[in-house]
Amino acid sequence: MEAQPAGVRLLEDVRRDLAAVSLPLALPTAEQARLEIRNSVAQLDDYVLPRYRSLDAPLLAVVGGSTGAGKSTLVNALVGHPVTRAGAIRPTTRQPILLHHPSEADWFEDQRVLPGLSRIRGTVVPAAATSAATPAAAAAPAGPAGPTTDTAPVTSLVLAGDPAVPEGIALLDAPDVDSVSDENRRLAGQLLAAADLWIFVTTANRYADAVPWKLLLNAAARDIMVAVVLDRVPPAAEAEVSEDLRSMLAREGLGAARLFVIPEVALGSSGMLPAETVQPLKAWLRGIADDAAARADIARRTLHGAVRELSERVGRIADAAREQGRAATLLGDDVRAAYQDAGTRIIDATKDGALLRGEVLARWQDFVGTGEFFRGLEQNVGRFRDRLGAFFRGEPVPAVQVETAIETGLHAVIVDEAAKAAEDADQRWRSDPAGRQLLGTDDLSGTSPGFADLVAAEIRDWQAGLMELIRTEGQDKRTQARWLSFGINGLGAALMIVVFSMTAGLTGLEIGVAGGTAVVGQKLLEAVFGEDAVRRLARTARDDLSSRCRSLLAAEQERFLDRLAPEAGQAAVGLAEHARALTRLADAT
């Protein structure tokens with residue numbers, strides 16, 4: 001039976017969006033959420049998508065359990081001859097071995113399930129005869145082996161076709177769930193997550209161990225079919241141990257699990273269990289394999305549980321992504337506030353007359369004349385145009401020196417405030433664990449390399465734009481002669497002075513440094529262009545300067561913002577919708 005395309009598309013969309021989620025911030029939920037993402041993507045690849053695409057594929061029964069529980073010996077007994085390694089050296093299951101009926105090889109050779117594991121085609125070979133009359137509870141003989149796998153990479157899956165395996169079901173001998181090898185433990189968990197049903201092997205001495213029960217509880221949560229094999233049970237203790245284990249299973253929601261007891265017996269000459277000890281389990285598996293409807297029910301039941309669990313996982317990941325988004329927003333707001341404050345301070349510095357002191361004031365006074373010139377101008381503004389025109393026809397200090405002084409002063413203000421903003425943003429982030437993690441060992445408390453050069457270029461561009469404003473305004477034939485007689489640089493310098501004296505609530509004639517300095521420039525511009533035009537020119541020039549300063553700071557703050565992943569918050573919305581859609585899909589499975 002093939003899955004509906006809409007369900008496959010949903011699962012593929014979920015897989016794509018999970019793989020794209022980034023959780024870079026060091027939040028309390030981040031590490032667990034990253035693990036949830038890895039596990040969810042792996043289970044989608046290994047089990048949910050392949051099983052959902054085809055419910056008719058053979059069931060995969062994974063044989064798992066603790067170290068030395070006898071998994072490999074059990075698999076050998078189920079097929080009637082040695083095919084996997086059993087022994088005292090741990091781990092014995094160096095490579096997972098998948099046994100299938102030869103007619104069903106195509107289901108497993110094409111990477112349909114467990115696509116992350118490469119395939120190795122094994123050949124079942126007779127085991128060397130061994131003399132062993134040792135009880136199964138003792139160390140089993142080392143040596144009998146099926147497909148040779150010692151040199152295969154751990155990321156491979158050994159496939160072996162065996163007629164003793166019934167059609168409709170495959171057996172996978174997994175590594176120990178509590179192996180001394182980290183990679184084996186991880187792989188065991190991956191294989192169990194890809195199973196349609198579990199055959200869980202434990203012993204009379206170890207059936208209460210914590211690690212196996214953690215996996216069994218996961219099986220209960222997924223509602224996967226479980227058969228528990230209690231191995232190496234002394235006959236005298238069988239009733240007591242079996243009853244205790246059944247009670248434990250019932251308490252943990254696994255009361256429906258089938259329990260098979262294998263007594264403690266002597267192994268045969270090839271290290272094999274007597275056939276009768278595994279006959280009940282073998283018959284149970286054969287019954288499932290022979291009943292297509294039963295197989296489909298098991299597949300649907302396990303798939304339902306896996307999709308339901310996936311829905312819950314995706315919901316938790318969505319919550320973690322939402323937290324990341326909120327944290328990223330707060331960290332981003334800290335940076336933006338620091339640089340916005342810097343922008344405000346820069347604009348304030350250009351409005352309060354502070355830039356008209358010092359070198360700028362000296363160069364402007366050199367340009368327009370001495371203090372006697374100011375007093376004469378104030379006494380007789382009506383003769384302003386004649387006197388100033390005569391002045392410009394002489395040989396004053398070039399206006400470009402005023403522009404240079406303004407550039408130097410403005411440059412110092414912008415670079416200094418940007419450095420303060422960087423220091424402020426750096427300190428704010430270092431006071432937050434997530435911010436500290438993003439910064440690492442990097443020091444962002446100063447301006448970026450090359451920032452000073454960018455500021456200088458931007459100021460020169462602003463000054464050039466201001467000159468262009470004057471040229472455009474002076475295109476009128478009635479004013480052209482006048483502004484040509486005064487010179488474009490002179491008018492530009494005058495406009496810059498006026499821009500830097502436009503304090504809130506003040507006028508160009510305000511008494512004080514800003515007003516006193518700007519009066520000549522303002523009157524000159526008004527004489528050439530008119531009062532309204534001067535206001536418009538100054539406002540346009542100021543707005544342009546403000547925009548350029550904001551752009552410089554916005555680009556500078558990206559050093560911080562680029563480290564954030566604000567898309568996590570956006571992803572949370574889509575993941576939450578996926579979680580709801582998966583719940584609906586699970587209910588329909």
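This is a predicted model: local features need pLDDT of at least 70, side-chain atom pairs count only at pLDDT 80 or more; totals for chains, interfaces and linings use all residues.
In strand S5, Leu172 has Leu98 standing opposite.

- Strand S5 runs over residues 169-173 and is mostly covered, since five of its five residues are buried.
- In a regular strand the side chains alternate between the two faces of the sheet.
- Ile169, Leu171 and Asp173 point one way from S5, while Ala170 and Leu172 point the other way, and all of them are buried.
- Strand S2, residues 97-100, pairs with S5 in the antiparallel sense over three bridges.
- Strand S1, residues 59-65, pairs with S5 in the parallel sense over five bridges, and Leu59 stands opposite Ile169 in S5.

**Helix H7 and its two sides**

- Helix H7 is made of 14 residues, 238-251, and spans 20 Å from its first C-alpha to its last, which is close to the 20 Å expected at 1.5 Å a residue.
- The buried residues of H7 are Val241, Ser242, Leu245, Met248 and Leu249, and because they cover an arc of only 125 degrees around the axis, they lie on the same side of H7.
- An α-helix has 3.6 residues a turn, so residues three or four places apart point the same way.
- Ala239, Glu240 and Arg251, on the other side of H7, are exposed.

**Surroundings of H7**

- The buried residues of H7 pack against helix H6 (210-222), strand S7 (225-233) and strand S8 (258-263).
- Just after H7 comes Gly253, which takes a positive phi of about 85 degrees.

Terms used: Residues are numbered from 1 along each chain as its sequence is written. Side-chain values use heavy atoms; hydrogens and water are left out. Helices (H or I, at least four residues) and strands (E, at least two) are DSSP runs, numbered from the N terminus. The expected span of a helix is 1.5 Å times one less than its number of residues. Buried means under 20% relative accessible area, exposed over 50%, partly exposed in between (1.4 Å probe, protein chains only). The arc is that of the directions from the helix axis to the C-beta atoms. Contact means heavy atoms within 4.5 Å. Two strands pair if DSSP finds at least two bridges between them.
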